[in-house]
Amino acid sequence: MSRSWSPRPRRRYVAPPRSLWRRLVDYGLTSIILGLLILLAARLDRVETRKTQGVAIINDGDSITLGTERIRMRGIDAPEYTQTCRRNGADYPCGTLARQSLVRLIAGKPVSCTGWQRDRYGRLLGDCTAGGKDLNRAQVEAGWAVAYGDFESEEATARTGKAGIWAGTFDQPQDWRDRHHGEVVERKHGTLASIGDAVREIFRFW
């Protein structure tokens, strides 16, 4: 005698109803996220690129003053003005020479700088040009500044050609400042640092 077999119907899984507390938490988190997105959209127009131009006062190899605007050149780090380096067995004033290099690059021409980030001292982190020349890039190419979040290929070329400070030995400007009780005035500006700066710049207007 044969028996017929029929599969048993599968029971559907029914999720237990969420508690009132869990629903309130979910609604609260959703409201917070939406609120932050709305606030972010409202503040984006406050982050604007600032452009300043004029006759430059050269402070050192990577900072200038245009009118009342103090500017730190973005993405590079030059020896401090009083810093010394070593070449051919003797110390030399590489900080002074870095400033002189920037003086030569500007050559009395009007300087234009643009940027939106600021360092902890309120200085604009700027990309600067004079006579159509990118001053940030040129300082690294000449060997009188190291790459500090940008211009790595230019630094590699300067190092290979023993240009500027690469002709001898030197302390990284940040290390020199640390040993002389100075403070880092500009963090290295890679992609993640720039994203963080953008967030801080947005919420600075609260």
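Two strands pair if DSSP finds at least two bridges between them. Strands here are DSSP runs of E with at least two residues, and helices are runs of H or I with at least four residues, both numbered from the N terminus. The model is a predicted one, so local features need pLDDT of at least 70 and side-chain atom pairs count only at pLDDT 80 or more, while totals for chains, interfaces and linings use all residues. Residues are numbered from 1 along each chain as its sequence is written, and side-chain values use heavy atoms, with hydrogens and water left out.

Strand 4 and strand 9 run parallel and are joined by three bridges, with Ile71 partnered by Leu124 of strand 9. Strand 4 also pairs with strand 3, this time in the antiparallel sense, over four bridges; here Thr65 has Arg70 of strand 4 as its bridge partner. Strands 3 and 4 form a hairpin with two residues between the strands, and in it Gly67 takes a positive phi near 65 degrees. Strand 4 is mostly covered, as four of its five residues are buried (buried means under 20% relative accessible area, exposed over 50%, partly exposed in between, with a 1.4 Å probe and protein chains only).

Now for the core. A nonpolar core is a set of buried Ala, Val, Leu, Ile, Met, Phe, Trp, Tyr and Cys residues joined through side-chain atoms within 4.5 Å. The largest one has 31 residues, and those with the most contacts inside it are Ile64, Val111, Cys128, Leu135 and Ile165. At least two core residues each come from strands 2 (56–60), 3 (63–66), 4 (69–73), 8 (111–118) and 9 (124–130), and from helices 2 (94–106) and 3 (135–141). Helix 2 gives the most, with five residues. Leu135 touches, among others, Met73, Leu102, Val111 and Cys128, leaving aside residues up to four places away in sequence (contact means heavy atoms within 4.5 Å).

Cys128 turns up again in the disulfides. A disulfide is a pair of cysteine sulfur atoms within 2.5 Å, and the count by this rule comes to two. One joins Cys113 to Cys128, S to S 2.1 Å. Cys113 sits in strand 8 and Cys128 in strand 9, so this pair ties together parts that are 15 residues apart in sequence. Both Cys113 and Cys128 are buried. In the other disulfide, the sulfur atoms of Cys85 and Cys94 are 2.1 Å apart. The torsion about that S-S bond is about 70 degrees, so the Cys85 and Cys94 disulfide is right-handed.
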